[in-house]
Amino acid sequence: MKVGLIVEGLADIQVCEYLVKQFAPHITLEKSISMINKPKLIANCGESASLLLEQGCDRVVILWDLYPPWGEKDAKPCRKEDRDAIIESLKESLNPKDQKKVFLVCIENMLEAWLLYDENALKSVLSRPTRPIKKLTLDKHPERIPDPKAYLIALYSQHGKGRYTDYIDAIKIVRLLDLSRLRKCETFVRFALKVADIKLS
């Protein structure tokens with residue numbers, strides 16, 4: 001099966017492509033498309049999905065972060081509003097038959113939540129030769145953290161590792177993740193299901 005991914009940024013591509021190779025090595029991934037940010041993803045995902053289907057993809061998965069919201073400055077993130085806007089974009093570019101080949105996955109609250117499910121992976125990344133980390137206490141419910149990226153930035157700063165940069169550091173963490181830990185993450189389980197019909201829970 002050939003699958004195409006539409007995501008927000010470079011870090012999403014790196015992390016998602018790596019994970020798909022781990023849980024579904026039989027899947028052929030078409031070149032993933034980065035839309036740069038959520039507003040552009042929502043507005044233009046229909047055209048990108050059409051392109052991927054024309055290139056022979058059997059299905060397309062659109063993955064986006066719930067947080068932050070887009071639009072008004074003080075707006076609260078709303079999965080339904082995001083989903084409705086994405087569906088409208090798909091309707092503009094795809095016929096009803098092709099729309100059924102596109103699957104939506106909203107991460108709660110953002111990709112960095114996935115990186116917070118394995119304290120051992122983070123201990124390895126955050127440790128220094130002269131200061132290994134023996135114990136690291138993380139939030140037990142990463143998907144409930146309003147801003148997981150800010151949480152990671154704070155961890156990096158606390159342990160003297162400089163500033164967390166998603167397109168550099170996310171892939172370093174995910175390469176060390178124990179995939180069985182991610183089975184506790186609802187949005188990751190949904191992602192695996194929509195990409196490859198694999199039930200990880």
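This is a predicted model: local features need pLDDT of at least 70, side-chain atom pairs count only at pLDDT 80 or more; totals for chains, interfaces and linings use all residues.

Me: Why is the contact between Asp98 and Lys101 called a salt bridge?
Reply: The term asks for a side-chain nitrogen of Lys or Arg within 4 Å of a carboxyl oxygen of Asp or Glu. The closest N and O atoms of Asp98 and Lys101 are 3.4 Å apart, so the pair passes. By this rule the count comes to 11 salt bridges.

Me: What makes Lys101 partly exposed?
Reply: Buried means under 20% relative accessible area, exposed means over 50%, and partly exposed is in between (1.4 Å probe, protein chains only). Lys101 has 30% relative accessibility, so it counts as partly exposed.

Me: How do you know that Arg181 and Glu119 tie together separate parts of the chain?
Reply: Start with the contact itself: their side chains meet in a salt bridge, 3.2 Å from N to O. Arg181 lies in helix α8 (residues 179–182) and Glu119 in helix α5, so the pair ties together parts that are 62 residues apart in sequence. Asp118, Glu119 and Arg181 are linked in a network of salt bridges.

Me: What makes Asp166 and Lys149 a salt bridge?
Reply: Their closest N and O atoms are 3.1 Å apart, which meets the rule. The pair links distant parts of the chain, with Asp166 in helix α7 and Lys149 in helix α6 (residues 148–158), 17 residues apart. Asp166 counts as partly exposed at 23%, and Lys149 is partly exposed at 27%.

Me: What makes something a pocket rather than a cavity?
Reply: Both are found on a 1 Å grid over the protein atoms alone. A cavity is a set of points where a 1.4 Å probe fits but cannot get out, while a pocket is an open set with protein on both sides within 12 Å along at least five of seven lines. Lining residues have an atom within 4 Å of a point. The largest pocket here has a volume of about 430 Å³, and 20 residues line it, with Tyr117, Lys140, His141, Pro142 and Lys184 nearest its centre. Helix α9 (residues 186–196) gives the most to that lining, with three residues.

Me: How do the residues lining the largest pocket divide into classes?
Reply: They are six nonpolar, two polar and 12 charged. Ala, Val, Leu, Ile, Met, Phe, Trp, Tyr, Cys and Pro count as nonpolar, Asp, Glu, Lys and Arg as charged, and the others, Gly among them, as polar. The lining of the second largest pocket has 11 nonpolar, two polar and seven charged residues. That second largest pocket has a volume of about 290 Å³. Among the residues closest to its centre are Asp166 and Lys149, and α1 gives the most to its lining, with three residues.

Me: Why is Ile36 called exposed?
Reply: Ile36 has a relative accessible area of 61%, over the 50% limit, so the label is exposed. Ile36 sits in the loop between β3 (33–34) and α2.

Me: Which peptide bonds are cis?
Reply: A cis bond joins Tyr67 and Pro68, with omega about 0°, and another joins Glu108 and Asn109, again with omega about 0°. Pro68 lies in the loop between β4 (59–65) and α3 (79–93).

Definitions and conventions
Residues are numbered from 1 along each chain as its sequence is written. Side-chain values use heavy atoms; hydrogens and water are left out. Grid points are joined across faces, edges and corners, and a volume is the space filled by probe spheres set on the points. Helices (H or I, at least four residues) and strands (E, at least two) are DSSP runs, numbered from the N terminus.
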